[in-house]
Amino acid sequence: MNRRDFASLALAAMLHRDGYSSDTTWAPPDGKPHFAPKAKSVIWLFMNGGVSHMETFDPKPALTKFAGKTIKEGPVPDAQDPEKLKLARVTVVNDANGQQRNKLYPLQVGFRQYGRAGVAFSDWVPHIGSCVDDLAVIRSMWTTDDNHGAQTQFHTGRHMLDGEFPTLGAWAHYGLGTLNENLPQFVSMGSREYWNLKDGHYLGPAHDAVPVRVDPANPLDYGKPEVAVTAAEQKAGFTLSGRLNKLREKDYPNDPALDARIKSYELAFRMQKSLPELLDFSKETEETKKLYGIDRPETRPFGMQLLASRRLVERGVRFIQIQHGAGGAGVWDAHGGLKANHAKNCLAVDQPVGGLLKDLKRLGLLKETIVVFCTEFGRTPGSQGSDGRDHHIYGFSVWMAGGGLKGGVVHGATDEIGFHAVENRHYVTDVHATILHQLGLDSRKLEIPGRKRLDIDHGAVIKEIIA
């Protein structure tokens, strides 16, 4: 957050406090939902790099049938009509990636039908496929950033060229009160790139996610003293720090950075006891650990994060944001060697995700927890080089489960080659709107003075997938 953002937020708060606000209907959130919620928590699983929708949740046999032919020779000859490609907003002109690819590339994996509804998923995601009767699959997503700023776009709803905006998790954190005073209400796990590192932005740093590692001995940065101290000494230090911050607060009563710092110190003290216990899996059964794949090296890292996320929602954490495969563009960014890339990555996440869904369901938590599996964009029907796929923004897939959503349903569709979303098309903020709705929040009541949001920021609830 820059100084101008701090100033505008502080000024709006002071004007409202003193009765001079131009918007007499505005009031800050009171921590209560706007209407009866269907869900209490969200587990947001984000795959960095761009998952191929065709090789996971939206198989397209026509790609194999017409493999090697140009798009114009295939079943959707007008897919690259310039009018249909206009929604792209290019960040890096003439980048080697994010380009149109013309020669159709065959599917790199088999697929079969899962569940009572017979939904087709690829053979790389059998564990997720086995849960399809609990999933609402959306096969008609689109976005506008054809490079990896699309990571930020999926989280905030805004293109990087527009500036910096709060993420979905920040809005949920801003709108709802805590369910557990000893734990953060917004947690982040996994590596995040510098362009996708913050959440609160103009809402203030208090609404950034707290980064957590699945390590009871060292769960968060600066979470324990550098030298040994007694509990009494540590408490005295926190008390003194709190008194000094309160004195400073008298001079700067509307400084959101100071307010965030005070709250973070207080929460950090409480988390020193609560987090190590939460991340200690010794009391979990071997059956549960195997369910998440913690007994296997391929699935252990992600499995531990997802088991931790279940334990977090059990204890009342609102929003858990897990990003898989960061580092540069993200590990799913299969410009070459797509088969090896996606086989490895699907192996890493499929069993842990399936285990999470089954564990939540058997504990009765899925009905009040939304699980989201999403990615920044899909991959091109055409080949990049001999064995890869490029970034693709015109049609891709995500799915959601739990929290009052329908299961065993497929909503929306792409064309025969997976190029364009052609039925029930949804921009990324429609996913945001649906999640906030299930949490009992109306995003239009979360706006703050001086920060008018556009219709596209709010999105539209996907009513067809709500039970």
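How far apart are the end C-alpha atoms of helix 9 (residues 300-314), and what span should its 15 residues have? The end C-alpha atoms of helix 9 are 21 Å apart, which agrees with the 21 Å that its 15 residues should span at 1.5 Å a residue. The expected span is taken as 1.5 Å times one less than the number of residues in the helix. Helices (H or I, at least four residues) and strands (E, at least two) are DSSP runs, numbered from the N terminus. The model is predicted, so local features need pLDDT of at least 70 and side-chain atom pairs count only at pLDDT 80 or more, while totals for chains, interfaces and linings use all residues. Residues are numbered from 1 along each chain as its sequence is written, and side-chain values use heavy atoms, with hydrogens and water left out.

Of its 15 residues, 12 are buried, so helix 9 is largely enclosed by the rest of the structure. Here buried means under 20% relative accessible area, exposed means over 50%, and partly exposed lies in between (1.4 Å probe, protein chains only). Among the buried residues of helix 9 are Phe302, Met304, Leu306, Leu307, Arg310 and Val313. Glutamine 305, also in helix 9, counts as buried because its relative accessibility is 17%. Apart from neighbours within four places in sequence, glutamine 305 is in contact with Met189, Gly190, Val214 and Ile322, where contact means heavy atoms within 4.5 Å. After helix 9 comes glycine 316, with a positive phi near 95 degrees.

Side chains of opposite charge can pair when their charged atoms come close. A salt bridge is defined here as a side-chain nitrogen of Lys or Arg within 4 Å of a carboxyl oxygen of Asp or Glu, and by this rule the count comes to 26 salt bridges. In one of them, glutamate 277 pairs with arginine 311, and the closest N and O atoms are 3.9 Å apart. This pair links distant parts of the chain, with glutamate 277 in helix 7 (residues 256-278) and arginine 311 in helix 9, 34 residues apart. Glutamate 277 is partly exposed because its relative accessibility is 44%, whereas arginine 311, at 6%, is buried. Both residues belong to a network of salt bridges that links Glu277, Glu284, Glu287, Arg310, Arg311, Glu314, Arg315, Asp359 and Arg362.

Another salt bridge joins aspartate 58 to arginine 139, with the closest N and O atoms 3.9 Å apart. These two residues are 81 residues apart in the chain, aspartate 58 lying in the loop between strand 1 (41-47) and helix 2 (61-65) and arginine 139 in strand 4 (residues 135-142). Aspartate 58 is buried, at 3% relative accessibility, and arginine 139 is buried too, at 13%. The side chains of lysine 84 and aspartate 78 also meet in a salt bridge, at 3.0 Å from N to O. Here lysine 84 is partly exposed at 36% relative accessibility, and aspartate 78 is partly exposed at 37%.

Turning to the nonpolar side chains, a core is a set of buried Ala, Val, Leu, Ile, Met, Phe, Trp, Tyr and Cys residues joined through side-chain atoms within 4.5 Å. The largest nonpolar core has 54 residues, of which Leu45, Phe121, Val353 and Trp399 touch the most other members. Helix 10 (residues 338-362) gives the most to this core, with eight residues. Leaving aside neighbours within four places in sequence, leucine 45 is in contact with residues including Phe302, Leu306, Ile322 and Val353. A second, separate core of 41 residues includes Ile138, Trp171, Val431 and Ile448.

Two backbone details are also worth a look. Most residues other than glycine have a negative phi. Histidine 201, however, has a positive phi near 45 degrees; histidine 201 lies in the loop between strand 5 (186-189) and strand 6 (210-211) and is buried, with a relative accessible area of 13%. Asparagine 424 likewise has a positive phi, near 50 degrees. Asparagine 424 sits in the loop between strand 14 (421-423) and strand 15 (426-427) and is partly exposed, at 37% relative accessibility.
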